[in-house]
Amino acid sequence: MITVLRLDHRLGRDTRITTHVCLTARAFGADKVILSGERDKHIIESVESVVENWGGDFQVEYNEKYLPVIKEHKRNGYEIIHLTMYGKHVEEVIPKIRDNGNDKLIIVGGSRVPTEVYELADWNLSVTNQPHSEVAALAICLHYVMDAKELNITYEDSKMQIIPNNEHKEVIKNK
């Protein structure tokens, strides 16, 4: 089980990034995303619509406060992975993370991440030590955790499917 926790969503300001965190989590193999901060019904409905059309059983939930979510997952045996450019480099530690069989809670920051999140994390993980997007960090982290298996995910219940094509867009509607 891979759950992504998005910290401190702010209405209006973070809508596009939070939506992309959700879509990236789904596309790269996570099972669920939990949004914290300000409740944004539009994002939840948008992600649910993507799941309805493109398939799978990806879930999106909301919990205003993120610290109780982190602590609950830790109590339940989840490995807590906090994505930060200040952490250990992904290539150094990914075998320990990927191969241990633990469920994972991957934390994607919002505004300013408090010290307590760093302390609760089993891994403060960096994909690069340069400023970058949290969406890019999530994609790279999940790519390593999934060992590239996410690149071939298909869903039997999808209503739509992209047919790879070099010349034009091709989407078919499934029955």
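View 1. At 0% relative accessibility, Cys141 counts as buried, where buried means under 20% relative accessible area, exposed over 50% and partly exposed in between, with a 1.4 Å probe and protein chains only. This is a predicted model, so local features need pLDDT of at least 70 and side-chain atom pairs count only at pLDDT 80 or more, while totals for chains, interfaces and linings use all residues. Residues are numbered from 1 along each chain as its sequence is written, and side-chain values use heavy atoms, with hydrogens and water left out. Cys22 is buried too, with a relative accessible area of 0%. How far is the sulfur of Cys22 from the closest cysteine sulfur? That sulfur sits in Cys141, 16 Å away, which is too far for a bond. Looking from the other end, the closest cysteine sulfur to Cys141 is the one in Cys22, again at 16 Å and too far for a bond. A disulfide here is a pair of cysteine sulfur atoms within 2.5 Å, and by this rule the count comes to 0 disulfides.

**View 2. Arg6 and Glu134, a salt bridge across the sequence.** The side chains of Arg6 and Glu134 meet in a salt bridge, at 3.4 Å from N to O. Arg6 lies in strand E1 (residues 2-9) and Glu134 in helix H6 (residues 134-145), so the pair ties together parts that are 128 residues apart in sequence. Helices (H or I, at least four residues) and strands (E, at least two) are DSSP runs, numbered from the N terminus. A salt bridge means a side-chain nitrogen of Lys or Arg within 4 Å of a carboxyl oxygen of Asp or Glu. Arg6 is buried at 1% relative accessible area, whereas Glu134 is partly exposed at 25%.

**View 3. Lys104 and Glu79, strand to strand.** Here Lys104 forms a salt bridge with Glu79, and the closest N and O atoms are 2.9 Å apart. Lys104 lies in strand E5 (residues 104-108) and Glu79 in strand E4 (residues 79-89), so the pair ties together parts that are 25 residues apart in sequence. Buried or exposed? Lys104 counts as buried at 3% relative accessibility, and Glu79 counts as buried at 6%. Tyr78 is found in the loop between helix H3 (66-75) and E4, and at 15% relative accessibility Tyr78 counts as buried.

**View 4. Arg10 and Asp14, plus the overall tally.** Arg10 pairs with Asp14 in a salt bridge whose closest N and O atoms are 2.8 Å apart. Arg10 is partly exposed, with a relative accessible area of 25%, but Asp14 counts as buried at 6%. How many salt bridges does a search of the whole structure find? The search finds 12.

View 5. Arg98, Asp99, Asp147 and Lys149 are linked in a network of salt bridges. Side chains of opposite charge can pair when their charged atoms come close. Asp147 lies in the loop between H6 and strand E7 (160-162) and counts as partly exposed at 42% relative accessibility. Most residues other than glycine have a negative phi. Asp147, not a glycine, has a positive phi of about 55°. Ala148 is not a glycine either, and its phi is positive at about 70°. Ala148 is placed in the loop between H6 and E7 and is partly exposed, with a relative accessible area of 28%.

View 6. Which residues form the negative surface patch? They are Asp31, Asp57, Asp103, Glu156 and Asp157. Patches are made of residues with over 30% relative accessible area and no salt bridge, with like charges joined within 9 Å and nonpolar side chains (Val, Leu, Ile, Met, Phe, Trp, Tyr) within 5 Å. Lys and Arg count as positive and Asp and Glu as negative, while His and the chain ends are not counted. The place of a charge is taken as NZ of Lys, CZ of Arg, CG of Asp or CD of Glu. Accessible areas come from the Shrake-Rupley method with a 1.4 Å probe, and for residues only the protein chains shown count as cover. Asp57 is found in the loop between helix H2 (41-54) and strand E3 (59-62), and at 63% relative accessibility Asp57 counts as exposed.
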